[in-house]
Amino acid sequence: MKQFLIFVKKEWLHIWRDRRTLFILLFMPIIQIILYGFALTNEVKNSKIAIFDQSKDEATVMISDEIAASRYFNLVKNVYTYKDMEATFRKGEIRMAIVFPPAFRYDLLHSNHAQIQLIADASDPNTANTLTNYATAVINDYQQTLDPDQRLPYTIKTEVRMLYNPELKGAYNFVPGVMALVLMLVCAMMTSIAIVKEKEMGTMEVILVSPLKPFRIIIAKTIPYLLISMLNIASILLLSVYALDVPVAGNLGLLIAESILFTITSLSVGILISNTAKTQQTAMFTSMMSLFLPTLLFSGFMFPIENMPVPLQVISNIVPAKWYFIIVKEVMIKGLGFTAVWKETLILVIMTTALLGISIYKFKIRLG
């Protein structure tokens, strides 16, 4: 028994001395509970919408006010032409537009029926369906107020139009998210053991005495993984188009270039982890735990980011997969060009530069 207790004490001291693992063991459950509690919700709230009111009468103003007052919608602008509305959709500023035809109230009072058009961005089919249902419910409530006793058959019909994904295929949202998740995890995990493996194998001394500068050593370690990742990109795109029937609506060259940029970002994350980890096991565990959950939760793939509390929305901005997910949806699903995704591209370039810079700096310290 005494030997057993001594052995338990030894194992306890071993865990206690490994402060990073202890931190993960103690605080990871707390962090996960907080994240799951606040972030994991499929309820759609504060979705950005626009209203195209061609009638501007008492009825359209009342319906617009009720929709704007709903917690599900955030009226960001009024548009005045279909061209303006389409441009707003292309910029990604809104998820749905509500179009009132001319003489809406006149038609309702004199012919007892009128029509409202709901146009939704169906690149995320679940959100688009939910938003049109919410708007239809608000319109039906207004319809009930016109004649509570239902003596007159007032009817407001909603015509729903889905942009970019009229068949509401789930793969249109699934493919961009999986592309971001797979590329981030595979690339980062591959490179996370690149440098730490040299330390464990005892070959770091060879690198230390080589005439290559740290920048070239890191680039040299990254290039083979980049070539393998390009094969991954090609296989993912081929499967998406030919197996899942998700066509590339935009420029294929631009999509590949953006995918390569995101791959380099992911490889940079892996190199940074490899520079800081002491063992391959720690590097793999760190890359899995620090990248899988943030990519899954904060990319916007599974859960709408605008539904999350503001602090979590701010945190989502440092997750590279969020920006790549937006780029793939804009280029692959909506068929937009570089002008629509230049901001997200610039963010990924800045992230890559910063990650590589930190990796080289820490590598130089080790050389010293």
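# Notebook: sheet, helices and a few residues

I began with the secondary structure: the protein has 15 helices and 5 strands. I took helices (H or I, at least four residues) and strands (E, at least two) as DSSP runs, numbered from the N terminus. This is a predicted model, in which local features need pLDDT of at least 70 and side-chain atom pairs count only at pLDDT 80 or more, while totals for chains, interfaces and linings use all residues. I number residues from 1 along each chain as its sequence is written, and side-chain values use heavy atoms, with hydrogens and water left out.

**Entry 1. Whole chain.** I looked up burial for the 368 residues of the protein, and 44% count as buried. Here buried means under 20% relative accessible area, exposed over 50%, and partly exposed in between (1.4 Å probe, protein chains only). The protein exposes about 19400 Å², of which carbon and sulfur atoms supply 65%. Accessible areas come from the Shrake-Rupley method with a 1.4 Å probe, and for residues only the protein chains shown count as cover. I then turned to contacts (heavy atoms within 4.5 Å). Of those in the protein with a separation of 6 or more, 78% are between residues 24 or more positions apart.

**Entry 2. The sheet.** In what order do the 5 strands lie in the open sheet? I read S2-S1-S3-S4-S5, with mixed pairing. I count two strands as paired if DSSP finds at least two bridges between them. Strand S2 (73-78) and strand S5 (155-163) are at the edges; each has a single partner strand, so one side of each has no neighbour in the sheet. On average, neighbouring strands are turned by 25 degrees against each other, direction ignored. For such angles, axes are lines fitted to C-alpha atoms, for helices over the stretch in contact, and angles run from 0 to 180 degrees between N-to-C directions.

I went through the pairings next. Strand S1 (residues 47-53) runs parallel to S2, joined by 5 bridges, and isoleucine 49 has leucine 75 in S2 as its bridge partner. S3 and S4 are antiparallel over 4 bridges, with alanine 97 opposite isoleucine 119 in S4. S4 and S5 run parallel and are joined by 9 bridges; the partner of isoleucine 116 in S5 is threonine 158. I also checked the burial of S4: 7 of its 9 residues are buried, so S4 is largely enclosed by the rest of the structure.

Which residues of helix H4 (residues 82-90) are buried? I found Met85, Thr88 and Phe89. They cover an arc of only 100 degrees around the axis, which puts them on the same side of H4. The arc is that of the directions from the helix axis to the C-beta atoms. The cover over the buried residues of H4 includes S2, S3, S4 and S5. After H4 comes glycine 92, with a positive phi near 75 degrees.

**Entry 3. Lysine 334.** I placed lysine 334 in the loop between helix H14 (320-333) and helix H15 (338-367). Is lysine 334 buried or exposed? It is buried, because its relative accessible area is 11%, under the 20% limit. Its side chain makes a polar contact with the side chain of aspartate 121 (2.9 Å). A polar contact is a pair of N or O atoms within 3.5 Å; within protein, one must be able to donate a hydrogen and the other to accept it, and residues adjacent in sequence count only if both atoms are side-chain atoms. Neighbours within four places in sequence aside, lysine 334 is in contact with Phe89, Asp121, Ser123, Tyr164, Ala249 and Lys329.

Entry 4. Most residues other than glycine have a negative phi. I noted lysine 56, with phi near 50 degrees, in the loop between S1 and helix H3 (58-69). Lysine 56 is exposed, with a relative accessible area of 55%. I also noted alanine 103, with a positive phi of about 55 degrees. Alanine 103 is in the loop between S3 and helix H5 (104-111) and counts as partly exposed at 36% relative accessibility.

**Entry 5. Arginine 20.** Arginine 20 lies in helix H2 (residues 19-39) and is exposed, with a relative accessible area of 52%. Not counting residues up to four places away in sequence, arginine 20 touches Thr276 and Ala277. I also looked up threonine 286, 266 residues from arginine 20 along the chain: their C-alpha atoms are separated by 9.8 Å.
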